[in-house]
Amino acid sequence: MEKLLARHIKNNLGIYMVIFFFFLGGIVFGTISLNFLGEQQLIQLAAYLDNLLRQFNTGTIKSDNLFYHAALDALQETGLIWFLGLTVIGIPLIIIFVFIKGFVLGFTVGFLIKQKAVHGLALSLTAVMPANLLQIPALFLAAMLGISFSTGLIRGRIWERGILPGLLNYSLCMLLVAVLLAGGGLVEAYLAPVFIRLVLAYI
């Protein structure tokens, strides 16, 4: 398994480097963008955050509903990347999607730390990051699969090997990625609220 994983990464290292670069760039831009928010926008976002944390603390937000939406998002995101991988113009759009995901993560973590200081850092580490330990690798894998399939179509490799077997393998791999993303949703829905309540108990 380790040799297979190492060979996979080696064969697709260039694609993974591009994906990582744009994801990291999204995180940086998401963090920097906080400095361009107006005072009124910060007040509104802070009020929204406090209300959200209050709902987690009182148990108003149900874990089952969170998981349902997380699983739905996983299917939609992988479905989008899957579709983009089938198109010639899909590569830049997949990269933009990765950048946006990085931007959202950078903005979220940056805002938590900006508003809650040490407690914001604790919330980021305990509530935000655990799910992302599954979701970020899954996102990278989905993006790599989409870019690789699209490149194969452009260069004719997929056509030489047979479009139907290639499409089936591609779709199956994307389905497995969706399951991995949904696994991150399980962590987000059932584990993150517990950590949030623990952190809030010390605020």
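How many helices and strands does the secondary structure of the protein chain come to? Seven helices and zero strands, where a helix is a DSSP run of H or I with at least four residues and a strand is a run of E with at least two, numbered from the N terminus. This is a predicted model, in which local features need pLDDT of at least 70, side-chain atom pairs count only at pLDDT 80 or more, and totals for chains, interfaces and linings use all residues. Residues are numbered from 1 along each chain as its sequence is written, and side-chain values use heavy atoms, with hydrogens and water left out.

**View 1. The protein chain as a whole.** Read along the sequence, the pattern is α-α-α-α-α-α-α. The C-alpha trace spans about 60 × 35 × 30 Å along its principal axes. Of the 203 residues, 37% are buried, meaning under 20% relative accessible area with a 1.4 Å probe, counting protein chains only (exposed is over 50%, partly exposed in between). Take the contacts (heavy atoms within 4.5 Å) with a separation of 6 or more: 82% of them join residues 24 or more positions apart.

**View 2. The largest nonpolar core.** A nonpolar core here is a set of buried Ala, Val, Leu, Ile, Met, Phe, Trp, Tyr and Cys residues joined through side-chain atoms within 4.5 Å. The largest one has 42 residues, and Ile-19, Phe-23, Ile-81 and Ile-196 have the most contacts inside it. Two or more residues each come from α2 (13-32), α3 (39-58), α4, α5 (90-155) and α7 (163-200). The top giver is α5, with 22 residues.

**View 3. Around Ile-19.** Leave aside the neighbours within four places in sequence, and Ile-19 still touches Val-98, Phe-140, Ala-143, Met-144 and Ile-147.

**View 4. Helix α4.** This helix has 23 residues and reaches 33 Å from its first C-alpha to its last, close to the expected 33 Å; that expected span is 1.5 Å times one less than the number of residues. Its buried residues are Ala-70, Ala-71, Ala-74, Glu-77, Thr-78, Ile-81, Leu-84 and Gly-85. What covers them includes α5 and α7. As a rule, an α-helix has 3.6 residues a turn, so residues three or four places apart point the same way.

View 5. Glu-77 sits in helix α4 (residues 63-85). Is Glu-77 buried or exposed? Glu-77 counts as buried because its relative accessible area is 19%. Not counting residues up to four places away in sequence, Glu-77 touches Phe-97, Lys-101 and Leu-181.
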